[in-house]
Amino acid sequence: MPKLIEATLAEHRAHQRAALLDVALELLTEGGYPAMTFSALAARTGLARPSVYSYFPSRDDLAVAVCERELPRWLESIQAAMDATTDPVDKVTAYIRSQLELAASGRHDLAVVLGRAPLSSDARTRIRAIHDRFGPKVADVLTELDVPRSGQIATLVQGVVNAGLLRISAGEEPEPVIADVVTLVLGGIDRFRSA
């Protein structure tokens, strides 16, 4: 196959794949995981349903691909907020606040939808690997603050943040939730540091 035709086909496939991911994200945020069917993807993109399978063999593969594209963007914005300050306590505050502000803006809806989706353990492992590769390292900041068992405490901090994410996603006023989560986490960190 001539290189020009090969390059044109590769561009076409990349464009089609991006369109499928755009539509998958729309379907997920509009109607949740049940709405993201290959029939709906085909209808919205104008592709034949079998063509969708040539890009993504399963719904799990499609969900992971959406995460591969979207999750690094979120995580990079959280890291940028943390990098905007040098004070470790302010870094923890930025870590919390930026995640909860993502929820308030609606950009975190995908995580809520996929958290409830019947994904396979393999798909969840693949999504976790994306998160771990790009995720802000709050455990490192906790170590800098001399918090013991910083890895474990970082997981617990994220659990409190996740509870705040769910409250905001359920429609609660964001700013009081953000303030409460920041107060709770920083108060806990102070207790660990003074112990």
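The model is predicted: local features need pLDDT of at least 70, side-chain atom pairs count only at pLDDT 80 or more, and totals for chains, interfaces and linings use all residues. Residues are numbered from 1 along each chain as its sequence is written, and side-chain values use heavy atoms, with hydrogens and water left out.

**Stop 1: the rings.** Select Phe 38 and Tyr 53. They form a tilted aromatic pair, 4.4 Å centre to centre with 55° between the planes. (Rings of Phe, Tyr and Trp, by its six-membered ring, pair if their centres lie within 6.5 Å; under 30 degrees between planes is stacked, over 60 edge-to-face, the rest tilted.) Phe 38 lies in helix H2 (38-45) and Tyr 53 in helix H3 (49-55), so the pair ties together parts 15 residues apart in sequence. (Helices are DSSP runs of H or I, at least four residues, numbered from the N terminus.) Phe 38 is buried at 4% relative accessible area; Tyr 53 is partly exposed at 37%. (Buried is under 20%, exposed over 50%, partly exposed in between, with a 1.4 Å probe and protein chains only.)

**Stop 2: charges over rings.** Select Arg 13: it lies over the face of Tyr 55, 4.1 Å from the ring centre. Next, Arg 59: its charged end sits over the ring of Tyr 33, 4.1 Å from the centre. (The cut-offs: NZ of Lys or CZ of Arg within 6 Å of the ring centre and within 35 degrees of the ring normal.)

Definitions and conventions. Helices (H or I, at least four residues) and strands (E, at least two) are DSSP runs, numbered from the N terminus.
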